[in-house]
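Biologist: Please take a close look at one part of this model, the aromatic pairs, and then set the strand pairing beside it.

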Amino acid sequence: MEIVINKMTFSHLLKIQDKLTSDFDDFWTYSIFEKELENPNSKYFVALINEEIVGFAGIWKVLDETHITNIVTKISKRHMGIASKLLENLIETAKAEKSSLLTLEVNEKNTNAIKLYEKFNFKKIGLRKNYYGQNKNAIIMTLFLN
C-alpha cells in the first residue's frame with residue numbers, strides 16, 4: 001500500500017465534498033476549505049491510496065512560523081500510517097519554507113493525536129482552556145525547527 005501526498009486542488013475538494021462529515025471528521029465544511037484553498041498563506045495536501053482520498057492536512061504560514069490547521073484521516077482508514085505521512089509532509093514543507101517552528105492545537109482528550117505529535121518531537125507548551133467549547137481544552141504543541 002503506497003500513500004501518495006499531493007497538493008490539494010479544488011477537484012480533490014469536490015471529490016470529498018459530500019463525504020466530509022460522514023467519512024472524515026466534521027470540524028471543517030466545504031465552504032471553509034474553499035476559502036482556505038484561495039488563501040495565499042495556506043497550503044493543503046491530500047493523502048491518496050490508489051487515487052482514493054484517505055486523508056488531508058493543512059498549514060498556515062505566518063512570518064517565520066507555520067501553524068498546522070488540521071490533519072484528518074478517513075475514519076475507515078485510520079491506524080495505517082496516513083496521518084504520519086501527512087505530518088512528515090507538513091514538517092518538510094515548513095522546513096523548506098524556512099519556518100522556525102511548527103505549532104498546533106490538539107484536543108487534550110485526543111490521545112492518539114498527541115502520541116503522533118510526540119513521536120515527531122512536538123513538545124507541549126501550553127493549554128487553551130475551552131478552545132473547543134463545552135469545557136474541551138486544547139493542548140498547544142510545538143516543534144522547533146532550528
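Modeller: This is a predicted model. At 3% relative accessibility, F56 counts as buried, since the cut-off is under 20%. F33 is buried as well, because its relative accessibility is 0%. A search of the whole structure finds four aromatic pairs. In one of them, the ring centres of F33 and F56 are 5.1 Å apart and the planes stand at 90°, so this pair is edge-to-face. F33 belongs to helix α3, residues 30-38, while F56 sits in strand β3, residues 52-62, so the contact ties together parts that are 23 residues apart in sequence. Y44 also takes part: ring pairs link F33, Y44 and F56 into a cluster.

Strand β7 covers residues 138-144, and six of its seven residues are buried, which leaves the strand mostly covered. One partner of β7 is strand β5, residues 101-107, and the two pair in the antiparallel sense over seven bridges. Within this pairing, L104 stands opposite M141 of β7. Strand β6, residues 123-128, is also joined to β7, here by five bridges, and these two strands again run antiparallel. On that side, G126 has I140 of β7 as its bridge partner.

How values were computed: Residues numbered from 1 in each chain as written. Predicted model: local features only at pLDDT ≥ 70, side-chain atom pairs only at ≥ 80, totals over all residues. Heavy atoms only, no water. Phe/Tyr/Trp six-rings, centres within 6.5 Å; stacked < 30°, edge-to-face > 60°. Helix = DSSP H or I, 4+ residues; strand = E, 2+ residues; numbered from the N terminus. Buried < 20%, exposed > 50% of the residue type's maximum accessible area, 1.4 Å probe, protein only. Pairing = 2+ DSSP bridges.
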